[in-house]
Amino acid sequence: MGVWQSYRLRLQRKRWLLRAWRKRRELRSVTNRTGAIKPGDILLFSTLRNEQLRLPYFLQYYRDMGVNHFLLVDNDSTDGSLEYLAEHPDVSVWHTRHGYKRARFGVDWLNWLQMQHAHGHWSLVVDPDEFLIYPFCDTRSLRALTDWLDASSIKSFAAMLLDMYPKGPIGAQPYRQGQDPIEIANWFDAGNYSIKRNKRFGNLWIQGGPRSRVFFADKPEKAPALNKIPLVKWDKRYAYVSSTHMLLPRGLNLVYDEWGGEKASGVLLHAKFLNTFSEKAQEELTRKQHYAASVEYKAYAESLQDDPDLWCKWSERYINWRQLEILGLMSKGNWA
Amino acid sequence: MSVGIVMLVHTALGRAEQVARHWAAGGCPVVIHVDRSVPKKTYTAFVEALSDLKQVRFCKRHRCEWGTWGIVAASQAGAEMMLSEFQEVRHVYLASGSCLPLRPVQELIDYLAARPRTDFIESATTADVPWTVGGLDQERFTLRFPFSWKRQRYLFDTFVKLQRKIGLKRKMPNGLVPHMGSQWWCLTRQTLSAILQDPERPTYDTFFKRVWIPDESYFQSLARLYSGHIESRSLTLSKFDFQGKPHIFYDDHLQLLRRSDCFVARKIWPHANRLYEVFLTDAAGAMKKTEPNPGKIDRIFAKAVERRTRGRAGLYMQSRFPNPGWENGITSSPYSVFEGFSDLFEDFEGWLAKATSARVHGHLFAPDRVEFAGGQSLMNGALSDSAALRDYNPRSFLCNLIWNTRGERQCFQFGPADIQDIAWDFVKDPNAQVSVISGAWAVPLFRSNRNFADIRKDAALLQRIESEHLNVLRSPYVKAKVRIWTMAEFIEAPMEPLQTILDEIGNRSLRRLAEVPKMVDLDGFGQFLQNLKNQGMHPYLMGDFPVARDMPNAPQSPRKPYLVR
């Protein structure tokens, strides 16, 4: 890469940081317990809207995994999410009424919070419907992973988004609060992913899975990106560019090996397709606050009319991380 | 009391304290060296915590930075104190704060007592072992390293380059032969004191102060001068990854460690509570007698290195995306591409599936849809038959299909009417077996019921595409196993080529082919080609079909399947 291009990327990074700084005014602190964050704590950042139903399990899942503090942005929930979150001693919440889209789908808000609070910490950025799976996650805590990453001088950890879906129509099995959503949506596509390299930012661009297969079979280039880098040893100079798909500086995007080897990676189980989905899709369609003029939700809405079944006979039923590693969706790398 | 432990400690002092107590309880005196970069307050608290143990001492502190002299200085200080203050110690065991004794201390004491004159130190000449990572092996000794690798990388690298350029070299003092090995050793009083009290020690120390990573070579080289009996292995189990960093042990390694039959393991994750709980108990509970199986640990960590450096062939995923040429196998397993066969034979796919145990697809790269075996709309891994999805990334599609069906051979048809982009991918793939009957695309045209003008146009197009494709198949970049017959050649003796291809696929039955596929009726094909020629479109890829000959020795009645014995 030439000097000119790296200079341009540097400018771009500064621009995102400046933008995050500008957007800080949109955030109003509701409960700020960040004073309790100790050096070395693992932090989780997320933006959410009307997720009261999912929050109890979400918080519990990551708390058990070893996340020490949650820093959340509530985008004007009307279902009591905000009040619920304020009760928890390891949660700090900010509230905003401003547009999700204008904040580049929450990236600006989180970039700002990360700049403020995550410097020197391992920082995990996930949505409330994303559940991180990493090698040995059944026997080793997240701290074991981050300690190992530290010891190996690795600064960012990839976890691809794996869309999970139930067998039968999406709306058939209602989700109860506190329940593990993977109990319902426990099927996934094992091997229909397209991978391309993004030359500019150096990241991989992964598309595929059930969304691509069912909703985007005739316009695959519009299918949502599945590559994610949610776990980063944060520095206040870093910035997410687009969701958690890629970062600047671009060295952080090099989470894959180019010489034939495998680096360690995880998976984000994406429990989007629960019975709550149709409602959400309808709402998002009217709010128009999602990516690329909500093209994704438009495509869903068309298909959702007939309550689709994403399941097919080649769907794979989720068992554990070892299964995902054998299928080649994630890797232990040289962590043993 | 014959074993003294020298412990080098820099983090996780709580764990170090636990281990020190364990050693002391087992009757071993312990000398602890705490890195000078540990804050004074933490250090005094640590000393305070262990003050109830008479057998535990603290030696002079040095700053221990990886790769520098500090670690040797620390070991020297610790060993000197051990030898002078505990006269009854016969063996000195060098351990770190993240080492964990796996077997009861008494076993170690007995083991060493039975070998009173043996020094356990891994020590190999640099010329003979390719251990080192990063290219510095012999040069560790011949160059000078005044700069820190961690903090002053640029100066470090530049200075190395400069010395190489000038040809600056150092000689080993007193003809010492450089040896290297694990830094965790167990030496006898005799050997150790000989090293520490050598009148030449200042010479050696001065030399090794400028050696790169001296802790892996100082004692290893000097022990060779004095030891009567070196056993070149470390009593400490330590596994290294591809970058030379030690692997870390976690709770889930408990069973492995139990079966390792090593005395001490490093490095243990400080939060591996269960490991510390299990191994730091009294002799009775520590080691449930299990059959030692140290090979298993070796395999697990060797596999990790292999996975990190070579990876799984044919896998493309979020953390493995090889540059072109570095795939170590473009696809994961062998597969076959058939060109022209399904045009020449009736129901070739059905026949092939019966004759082999392979999965036989139609034209996977047909323009309108993916023709999966049995007309399925989805295939293993939920691969879709949508042509748009496939054409969005044909290479991913092919590699995915082969990866998803590991263990089952895939065959598919290909021809000039298909999307051609994929050709370069399978042509460069050693896993591909490509068999071509050139010109066979003319057969469906011949049998079609269409206007001759359209047929002529199609024939010209297909011939041009296939001709280009054949050039690709004959290019010097080809790695696939390619066989090309002209159609005329092939129908002379169809059995032989078919048998060869099937043998290569690995036929389920080893018998000769029992049933040949039924060839389509080619009566009048020669005339058909002549007609094309007469219209100015010369079909040449199928070879020579004389107008009159049609089929050589062709029976007048339509062909039937026949048996070959």
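Analyst: In this predicted model, ring pairs join Tyr335(B), Phe365(B), Phe372(B), Phe397(B), Phe412(B), Phe414(B) and Phe426(B) into a cluster. Over all chains, a search of the whole structure finds 58 aromatic pairs. One of them is in chain A, where the ring centres of Tyr61(A) and Phe131(A) lie 5.0 Å apart and the planes stand at 80 degrees, so that this pair counts as edge-to-face, the cut-off being over 60 degrees. The two partners come from distant parts of the chain, 70 residues apart, with Tyr61(A) in helix α2 (residues 55–65) and Phe131(A) in strand β6 (residues 130–133). Phe131(A) has a relative accessibility of 3% and therefore counts as buried.

Turning to the contact between the chains, 48 residues of chain B touch 61 residues of chain A. The size of an interface is often given as the accessible area lost when the parts come together. For chain B and chain A this buried area is about 4,500 Å², 52% of it on carbon and sulfur atoms. On the side of chain B, the residues that lose the most area to chain A are Gln318(B), Phe321(B) and Tyr392(B), which together account for 20% of what that side buries.

Between the two chains there are four salt bridges, including one in which the side chains of Asp257(A) and Arg308(B) meet at 2.7 Å, N to O. The count of residue pairs in polar contact between chain B and chain A, with both residues at pLDDT 80 or more, is 36. Several elements of chain B each supply at least two residues to the side that touches chain A, namely α13 (294–309), β16 (378–379), β17 (383–384), α16 (387–392) and α17 (394–404). Of the elements in chain B, α13(B) gives the most, with six residues. By class, this side of chain B has 21 nonpolar, 17 polar and ten charged residues.

Notes: Residues are numbered from 1 along each chain as its sequence is written. Chains are lettered from A and ligands numbered from 1 in the order in which they are written. Side-chain values use heavy atoms; hydrogens and water are left out. Contact means heavy atoms within 4.5 Å. Buried area is the accessible area (1.4 Å probe) that two parts lose on being put together, summed over both. A polar contact is a pair of N or O atoms within 3.5 Å; within protein, one must be able to donate a hydrogen and the other to accept it, and residues adjacent in sequence count only if both atoms are side-chain atoms. Helices (H or I, at least four residues) and strands (E, at least two) are DSSP runs, numbered from the N terminus. Ala, Val, Leu, Ile, Met, Phe, Trp, Tyr, Cys and Pro count as nonpolar, Asp, Glu, Lys and Arg as charged, and the others, Gly among them, as polar. Rings of Phe, Tyr and Trp (its six-membered ring) pair if their centres lie within 6.5 Å; planes under 30 degrees apart count as stacked, over 60 as edge-to-face and the rest as tilted. Buried means under 20% relative accessible area, exposed over 50%, partly exposed in between (1.4 Å probe, protein chains only).
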